[in-house]
Structure formats: structure tokens, C-alpha cells
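Here are my notes, as promised. Have the model open while you read, and go through the points in order.

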Amino acid sequence: MPIRPITITGEPVLHHPAEEVTVFDDELRQLVADMFETMDEAPGVGLAATQVGVGKRVFVYDYPDDDDNERRGVIINPVLEIGPIEEGEADWDTELEGCLSVPGERFPIKRADWAKVSGVDLDKNPISIEATGWFARIFQHEFDHLEGKLYVNKLAEPHFTAAKSVIAERGWGVPNKTWLPGVDNLED
């Protein structure tokens, strides 16, 4: 199971809606296995197929609960429902978010505190998971990737402008930029 390069903002696959998965085969199983290994090495709590250059509606996640029980899985062709998003400014302490496709950067963003994601697993078995707090945030973040949206594009001001400046300073925002977890250290 190889670790795959992670696409950086500007790569076209990140900025277009992903296609529904229609073929459930060994190639899809390999993609999901590679995504888990890539996410673990990065390290991350979620990873969408678009982040490894594949325009398919698939994401993996790994976020233990407060009792350290594992919540790890894959959702294929997800549908997302969310609760209301509170009005007001995002909090730097409790709503700070990062993204493996904007490595090393963090900005506050408002998200719903409740989410329900439905889809199927690798065997086409139906999945439906309700989540709150950070677990709900992960589902919203990864679902956004499959819609062709990065969290930095949804930031309120002044964070949107700050993120845009960082992306320009780092030479991102153009095609063919990737990083390889375990090899490249882009957080310096």
C-alpha cells in the first residue's frame, strides 16, 4: 500500500466536483487502502480521494471519540446533512481548522455542530453516521472536498485574504503542486 502524494490547492481535481463511484473493484479497494496509509502518515483525521488526485466521491476518516474508541472508516458516494451554523465570528481557539491540501496552515471557520453522512462502504453496504463536534466538522470538511471546495475558500474575512496571501507566498494555487507525507516537510 503506497503512500500517495497529496495535491496542494491549485490542482484542478481539488476545485471541481468529484464523480460518483460506479465501479466497486480491486482498484477502488487499493485506492482506499492507499488513502488510509497516506492519511495516517500525513498525519490527518480525514482524506478525500481528490486530495490524492482522484476525482471520485470517496473519503476516509479516523477520529477516536473521547473514550479513545476508534472511529475509522470509508464513505463512498456520501450525502451530507448538517444542522444550523451559528452566526458570528469563528473562534481561534475552538474553530481552528487545517487541511492537508494547504499544509501547515490553520484558520478559524464556522461549521455546524451536527452532521449526518450517508453513503456506502467498499461492499456497497449502506452507512449512516451522525456526528457532533469535531467529528461532524471532519465530515463537513471532507464532503466539501468532494464538492470541489477547500475550507480556505469558505473563510470569512479577514481570514480569506490572509489565506489567499499565504497561498500566493508559498507559490501554491497553481497545478502540479504536491507533497509526499513522510518525505516532504511543508510545515517549516
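**Notes on the predicted model**

1. You'll find proline 64 in the loop between β3 and β4.

2. What does proline 64 touch, leaving aside its neighbours within four places in sequence? The contacts are Asn69, Glu70 and Arg71. Have a look at phenylalanine 135 too: its C-alpha is 8.8 Å from that of proline 64, although 71 residues of chain separate the two.

3. Next, aspartate 62, which belongs to strand β3, residues 58–62. Its side chain makes a polar contact of 2.7 Å with the side chain of arginine 72. Not counting residues up to four places away in sequence, aspartate 62 also touches Met39, Asp40, Val45, Glu70 and Arg71. Glu70 and Arg71 turn up again here, as they are on the contact list of proline 64 as well.

4. On to helix α1, which runs over residues 26–41. Its 16 residues span 22 Å from first C-alpha to last, close to the 22 Å expected at 1.5 Å a residue. At the start of the helix, a side-chain oxygen of aspartate 25 comes to within 3.2 Å of the backbone nitrogen of glutamate 27.

5. Which residues of α1 are buried? They are Leu28, Leu31, Val32, Ala33, Asp34, Met35, Phe36, Thr38 and Met39. Note that an aspartate, Asp34, is on that list. The cover over the buried residues includes β1 (6–7), β2 (46–48), β3 and β4 (72–82). Met39 is also one of the residues that aspartate 62 touches.

6. What does β7 pair with? With β4 there are five bridges in the antiparallel sense, and leucine 80 sits opposite valine 117 of β7. With strand β8, residues 126–132, the pairing is again antiparallel, over seven bridges. There, alanine 115 faces alanine 131 of β8.

7. Last, check the hairpin of β7 and β8, where five residues lie between the strands. Lysine 124 is the one to click on, with a positive phi near 65°.

Conventions:
Residues are numbered from 1 along each chain as its sequence is written. This is a predicted model: local features need pLDDT of at least 70, side-chain atom pairs count only at pLDDT 80 or more; totals for chains, interfaces and linings use all residues. Side-chain values use heavy atoms; hydrogens and water are left out. Helices (H or I, at least four residues) and strands (E, at least two) are DSSP runs, numbered from the N terminus. A polar contact is a pair of N or O atoms within 3.5 Å; within protein, one must be able to donate a hydrogen and the other to accept it, and residues adjacent in sequence count only if both atoms are side-chain atoms. Contact means heavy atoms within 4.5 Å. The expected span of a helix is 1.5 Å times one less than its number of residues. Buried means under 20% relative accessible area, exposed over 50%, partly exposed in between (1.4 Å probe, protein chains only). Two strands pair if DSSP finds at least two bridges between them.
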